[in-house]
Amino acid sequence: MSSTSALPRVALIGCGGTMSSLGTSSLDLMDYPEHGSKIDAREMLARIPEASLVAQVEPVAFKSVGSTALTPADWFALRAVIRAMARTHPDLAGFVIVHGTATLEETAFFLNLTLDIAQPVVLVGAQRPLSAVGSDAPMNLVQALRVAAAAESRGRGVLVVLNDEIHAARDVVKTSTLRLQTFRSADFGALGIVDPDGLHYYRRPDRPHAPDCEFAGLPDDTVLPRVDIVYSYAGADSVLIQAAIDHGARGLVSAGLAPGIPARGELPALEAAARAGIAVVQCSRAGAGRVARRRYLNDTGFIGGEDFSPQKARILLALGLASTGRADDLRRMFETY
């Protein structure tokens, strides 16, 4: 490029997380969330000048927190910011959201189901704080900007970029606490890679995604109904299930034993919940593989969680309950998305 003015414009929305964190020393790779500090999007760009080599970056302050602090209300507020900027700045090539990795996959999946804009939206994070020796933050940010700015990224839904890989928001999960290659799409693999010579895509997501999902019409002030996840283990009983129901859960996600079966002590409470009109989605704690619609699910009235992780099934179920209360519609959503 002959000048930065020829580079595509990309909005950089800061939500906090490890990428925006400064530890107490260059070897602080663990205690920085509690004892370090966080910087906003503008200061992050000042510390990563290479970002200006790939895009004209417009920093947008949103939050400066760890992603463990983000809530569904923040998701809707973030969506509102993105939608407003897309309307008022149609020349933007795309959006990059800097996000903590703990719940990055959940925010990405929510946006993938609710955004209605044409520009690519890319979530990015880091496993090592910006202040650390060997931090992955600078290159992750540069790669995310390259993906968001690229015309070929359009039409693929919300994307997640870390460690030179491009993942679909629907499929990707965090799989390791500390390793750089933590984000994986277990069953179907990455959509593509970002190499020194450019972006290389190898597949497209086939399931519905932004900007063409039925949840895009939900108002920004929507309050999602309570949906709880119940994790199965040998000897589990009904105590946690009943507690969730007593606190107003309209939906339950069973993170069942593989291949998608709750512990025997949980089953009577889950069946009673389904009979009472509480939506029950059967997932697996295994981390990969489908929970298909089988006789057991038909007999109990449970919804098969397909290949969704329990945390993503919770988001889809909450959005479904906010849109409709019909069991047939909820089942269709899980089979469709």
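Contact here denotes heavy atoms within 4.5 Å. Angles run from 0 to 180 degrees between N-to-C directions, and axes are lines fitted to C-alpha atoms, for helices over the stretch in contact. Helices (H or I, at least four residues) and strands (E, at least two) are DSSP runs, numbered from the N terminus. Residues are numbered from 1 along each chain as its sequence is written, and side-chain values use heavy atoms, with hydrogens and water left out. As the model is predicted, local features need pLDDT of at least 70 and side-chain atom pairs count only at pLDDT 80 or more, whereas totals for chains, interfaces and linings use all residues.

E14 and E15 run parallel and are joined by six bridges, with Val253 opposite Val281 in E15. Strand E15 (residues 279-284) also pairs with E16 in the parallel sense, over two bridges, and Gln282 stands opposite Gly304 in E16.

E15 is largely enclosed by the rest of the structure, because six of its six residues are buried. Buried means under 20% relative accessible area, exposed over 50%, and partly exposed in between (1.4 Å probe, protein chains only). In a regular strand the side chains alternate between the two faces of the sheet. In E15, Ala279, Val281 and Cys283 point one way and Val280, Gln282 and Ser284 the other way, and all are buried.

A second open sheet contains eight strands in the order E4-E1-E5-E6-E7-E8-E11-E12, and its pairing is mixed. Strand E4 (56-65) and E12 are the edge strands, each pairing on one side only. From one strand to the next, the twist averages 25°. Within this sheet, strand E5 (residues 94-98) and strand E6 (residues 121-124) run parallel and are joined by four bridges, and Val98 stands opposite Val124 in E6. Helix H3 packs on the sheet, touching strand E1 (9-16), E4, E5 and E6, and its direction makes about 160° with that of E4. Helix H5 (residues 137-149) lies across E1, E4, E5, E6, E7, E8, strand E11 (192-195) and E12, at about 155° to E5.

Two packed helices are described by the angle between their axes and the distance between the axes. Helix H3 (residues 72-88) packs against helix H4 (residues 104-114) at an angle of about 55°, with the axes 10 Å apart. H3 and H4 are therefore oblique to each other; angles under 35 degrees count as roughly parallel, over 145 as roughly antiparallel, 65 to 115 as roughly perpendicular and the rest as oblique. H3 passes H4 in a right-handed crossing, a crossing being right-handed if the near helix is turned clockwise from the far one by less than a right angle, and left-handed if anticlockwise. Trp75, Phe76, Leu78, Arg79 and Ile82 of H3 make the contact with Glu106, Thr107, Phe110, Leu111 and Thr114 of H4. By class, this contact has six nonpolar, two polar and two charged residues. Ala, Val, Leu, Ile, Met, Phe, Trp, Tyr, Cys and Pro count as nonpolar, Asp, Glu, Lys and Arg as charged, and the others, Gly among them, as polar. H4 is mostly covered, with 11 of its 11 residues buried.

Several loops show backbone features of note. Most residues other than glycine have a negative phi, and most peptide bonds are trans. A cis peptide bond, with omega about 10°, joins Ala210 and Pro211; Pro211 lies in the loop between strand E12 (198-201) and E13. Another cis peptide bond joins Ala258 and Pro259, with omega about 10°, and Pro259 lies in the loop between E14 and helix H7 (267-275). Asn163 has a positive phi, near 55°, and is found in the loop between strand E7 (159-162) and strand E8 (165-168). Asn163 is partly exposed, with a relative accessible area of 31%. Phi of Glu306 is also positive, near 50°. Glu306 is placed in the loop between E16 and H9 and counts as buried, at 7% relative accessibility.

Technical notes: Pairing = 2+ DSSP bridges.
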